[in-house]
Amino acid sequence: MRRLLAILLPGLLLLTACGGSDAPPAPEPTSQSAGETAKLDSVKLTEKGDKKAPGVEFTKPLDVKEPTVKVVTEGSGERVKANQIANISIVAFNGKDGSTLEDTFPNDPEPLELNDELKTSSPVIYNAFVGAKIGSHIALAVPGQAAAEGTAAKPTQLLVVKVLSAKDAPPVLDKPEGDAVTPPAGLPTVKDNDKGVPEISVAGVKAPTKLISQDLITGKGQALKETDTITVNYVGVALATGKVFDSSFESGKKATFPLTGVIKGWTQGLTGKTVGSRVLLVVPKALAYGDQGQGDAKGDLVFVVDILGVK
């Protein structure tokens, strides 16, 4: 969902509880409406299955001043729970003329993780999905934006979201788990210090002619796809100096990011690896930060990456 909404509605995940709830929180969570819900009373749907967007009718123009959300048809499945991943499909419309802006129904469902991060950053979205029944259609109206210098005005947008399924989020590991692997000779060596932090030695290692992606531990979890968002611990050193230029271990916080949002050496070297693995990456500068480098991350780089989770 975030990938889609980053294209459609850049500010959507900034929506907070500016639209009040129509009902107080219940002990057993149910989907909560918010905002100018009466303006969504005209939304009528014609169901066409899970792989085809429903027919959608609504009174035009639709204009809301605050984020507005409500269930327009309730499904018959189990209720979605907090900390689950909801699989959803979305069709989006221009609220002024009803034209279709985007339709993801023919594609694979979009995952929406209902975690504390979403609860904090966008409670309107979180509260609408937690407690919704599988099979429900949720209407979400997003306020338009006035014209600004260099940008045209944007009308209110209407999203109709179908909740197709929900599953528990896979756990995030604290450390790599799997089978130890003895790497071939000539690679950087890795040894944990007394705090359990991997230390990399590059003594005598030749500059790589291509990307090297070597398991040190092979995990038994899910294999990574290039489009996945992963949670890792990592440390990186410059091959020429052996100097550490970045380490999540130092901050004490695991790092989470999309595999498409990192250097090519990571994207290529981690795609296909499994959760639980510890991977040694020897990255030529062309697949890192190039000739210019970035801070102390100059030239060929070496990383140890512990793959702890995926979503």
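1. Contacts along the chain. In this predicted model, residues 24 or more positions apart account for 73% of the contacts with a separation of 6 or more; a contact means heavy atoms within 4.5 Å. Residues are numbered from 1 along each chain as its sequence is written. As the model is predicted, local features need pLDDT of at least 70 and side-chain atom pairs count only at pLDDT 80 or more, while totals for chains, interfaces and linings use all residues; side-chain values use heavy atoms, with hydrogens and water left out.

2. Overall make-up. The protein has five helices and 17 strands. Both are DSSP runs numbered from the N terminus: helices are H or I with at least four residues, and strands are E with at least two. Along the principal axes, the C-alpha atoms fill a box of roughly 70 × 45 × 30 Å.

3. Burial and surface. Of the 311 residues, 45% count as buried. Here buried means under 20% relative accessible area, exposed means over 50%, and partly exposed lies in between (1.4 Å probe, protein chains only). The accessible surface comes to about 15800 Å², and 51% of this belongs to carbon and sulfur atoms; such areas come from the Shrake-Rupley method with a 1.4 Å probe, and for residues only the protein chains shown count as cover.

4. Backbone details. Most residues other than glycine have a negative phi, and most peptide bonds are trans. Two places deserve attention against this background. The peptide bond from K60 to P61 is cis, with omega near 0 degrees, and P61 lies in the loop between strand 2 (55–57) and strand 3 (68–73). N83, a residue other than glycine, has a positive phi near 70 degrees. N83 belongs to the loop between strand 3 and strand 4 (84–94), and N83 counts as partly exposed because its relative accessibility is 45%.

5. The surroundings of K273. This lysine is found in the loop between helix 5 (264–270) and strand 16 (278–283). K273 is classed as buried because its relative accessible area is 17%. Leaving aside neighbours within four places in sequence, the residues in contact with K273 are S213, D215, Q222, A223, L224, V279 and I307. With one of these, D215, the side chain of K273 makes a side-chain polar contact at 2.9 Å. A polar contact is a pair of N or O atoms within 3.5 Å; within protein, one must be able to donate a hydrogen and the other to accept it, and residues adjacent in sequence count only if both atoms are side-chain atoms.

6. Salt bridges. Side chains of opposite charge can pair when their charged atoms come close. The structure holds 13 salt bridges, each a side-chain nitrogen of Lys or Arg within 4 Å of a carboxyl oxygen of Asp or Glu. One of them joins D192 to R278, with the closest N and O atoms 2.9 Å apart. This pair links distant parts of the chain, as D192 is in strand 10 (residues 189–192) and R278 is in strand 16, 86 residues apart. D192 is partly exposed at 39% relative accessible area, whereas R278 is buried at 9%.

7. Further pairs. K285 and D291 meet through their side chains in a salt bridge (2.8 Å, N to O). K285 counts as partly exposed at 37% relative accessibility, and D291 as exposed at 70%.
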